[in-house]
Amino acid sequence: MVSGLVGRDKVNYYLFIIVLVLLLCILPGGFIHEKTGRVIFYYCSYFSVVGVAVNYREFRSVCHASRYALPLFALAALYAIWSLFAYYSLNYQAAEWLLFTPAKRWFLAGVIALYVCWGCQKGILRSITIKRWAMISLATAFVLSSAYAVWQGFTSQDRIILGINRATMTAYAYSALSLALMTLIARHSTSSKKYLALLLMGLLSVAVIFLTETRSAMALHIFLAVLLVLASLWQDKKLTPMSLGALLLLLMVVAGVGSRWSMVKMRVDSTFDEVHLYQQGNDRTSLGSRFTMWKMGMMTFREAPFGETENTRNARIRAYLDSHNQQNSWALNYIDVHLHNEFIQNASLSGIFGILTLLFFFGRLIFRNGISGVLLNPVSVVTLSALLYGMTDVVLTSVEYIVLLTSVILLSRLSCISGTDEKIAS
């Protein structure tokens, strides 16, 4: 095949292979050592830029049709434009919470998606080959990250972080990876051992999530895994009272084990205690400060619906808390980081433009990603996990999470292509 290629076709063949190989290596490297995954991601994006440049005349229609690049470019544009506005509003002071680095990574991820989609559309490699290697990459990343997590759990008393610098982002990214792989198995496998594989992967992933001690992930990951199993049972016409009873019994066993696991019990107890304290007017807890930040974020959005700088927003929040005798609120310790809610954070800074961009991003990737269904659609499930985790945290500006999330999404899509489904960009 290669011997018959000449000129630009031959360049495209080798460029596409290089980009695909680098893409396949991002997840296995990134979960074990974040810097390794980041470097591979950058090289992958640089070769993708070359690919786009070489074929610039053919990319006009693909740019308008790609289901994966446009949402990524939209976030890149939002963060870059707001950062420029904030930077110049402060007379070039760099102390502002700027988002140039997340914008760059979203843009580069979009370029990778654009070039890979175009390469698949052109049939540079056989779709079955791409599908097989995408699945291998996801499976390898899951096995390596799970083994590393268990090793960290046995050798350290701290929250596990894998190769990432924060336990929370580790939980969100690992959850996306495991859910993607479980969804692909539920969607494609016809083996009688499919549900055994889902059971083992589900239990292992829940254990790893528990080791991160991330409360929202503990609940939401189990919730999404259960939805996935129910959807699979429905698809296979096995959703019977007996299967529902078995699933319920399994959940009770997981809850029972969790209640005896001191770390999990401590997290659950602290959740109820913190909610109770907030109801008594004390927000000097993790959850209490979040509740106050969400309230303040919505207040600032009402007063500045078209956005403002972080300094202006935080000054408004401090003035409000001072005027209501809440000078000791723990929210003041975190507002310079973010408001711990994706939509509220973007609404308070980018205004209505931020809300619309997020709606476009999530709506496009959940409901219009080129794969049928939602609950048995790996791209939809992974994006839904990002949406739900964004209800109690800000995940889409984490530079580590961006690399891992976009790689999981693109590899999940590649794992769903077939011989009659090569035009994944359309």
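Helix α6 passes helix α16 in a left-handed crossing (left-handed if the near helix is turned anticlockwise from the far one by less than a right angle, right-handed if clockwise). Helices here are DSSP runs of H or I with at least four residues, numbered from the N terminus. This is a predicted model, in which local features need pLDDT of at least 70 and side-chain atom pairs count only at pLDDT 80 or more, while totals for chains, interfaces and linings use all residues. Residues are numbered from 1 along each chain as its sequence is written, and side-chain values use heavy atoms, with hydrogens and water left out.

**α6 with α16**
- Helix α6 (residues 127-155) packs on helix α16 (residues 399-414) at about 140 degrees, and their axes are 8 Å apart. Axes are lines fitted to C-alpha atoms, for helices over the stretch in contact, and angles run from 0 to 180 degrees between N-to-C directions.
- The two helices, α6 and α16, are therefore oblique to each other (under 35 degrees is roughly parallel, over 145 roughly antiparallel, 65 to 115 roughly perpendicular, and the rest oblique).
- On the α6 side, the contact (heavy atoms within 4.5 Å) is made by I130, K131, A134, S137 and L138, and on the α16 side by L411, S412 and L414.
- Five of the residues in this contact of α6 with α16 are nonpolar, two polar and one charged. Here Ala, Val, Leu, Ile, Met, Phe, Trp, Tyr, Cys and Pro count as nonpolar, Asp, Glu, Lys and Arg as charged, and the others, Gly among them, as polar.

**α12 and its partners**
- Helix α12 (residues 286-303) and helix α14 (residues 342-367) pack at about 35 degrees, with axes 8 Å apart, and their crossing is right-handed.
- From α12, W294, G297, M298, T300 and F301 meet I344, A347, S348, G351, I352 and I355 of α14; by class, this contact has seven nonpolar, four polar and no charged residues.
- Helix α11 (residues 262-279) packs on α12 at about 50 degrees, with axes 7 Å apart, so α11 and α12 are oblique to each other.
- In this right-handed crossing of α11 and α12, T271, E274, V275 and Y278 of α11 meet S286, L287, G288, F291 and T292 of α12. The contact of α11 with α12 has four nonpolar, four polar and one charged residues.

**Nonpolar cores**
- A nonpolar core is a set of buried Ala, Val, Leu, Ile, Met, Phe, Trp, Tyr and Cys residues joined through side-chain atoms within 4.5 Å.
- The largest core has 106 residues, of which L27, W106, L396, Y401 and L414 touch the most other members. Its largest share, 14 residues, comes from helix α7 (residues 167-188).

**Loop residues**
- L162 lies in the loop between α6 and α7 and has a positive phi of about 50 degrees although it is not a glycine. At 4% relative accessibility, L162 counts as buried (buried is under 20% relative accessible area, exposed over 50%, partly exposed in between, with a 1.4 Å probe and protein chains only).
- I161 is found in the loop between α6 and α7, and it counts as partly exposed at 31% relative accessibility.
- N325, in the loop between α13 (310-323) and α14, has a positive phi near 55 degrees. N325 is exposed, with a relative accessible area of 66%.
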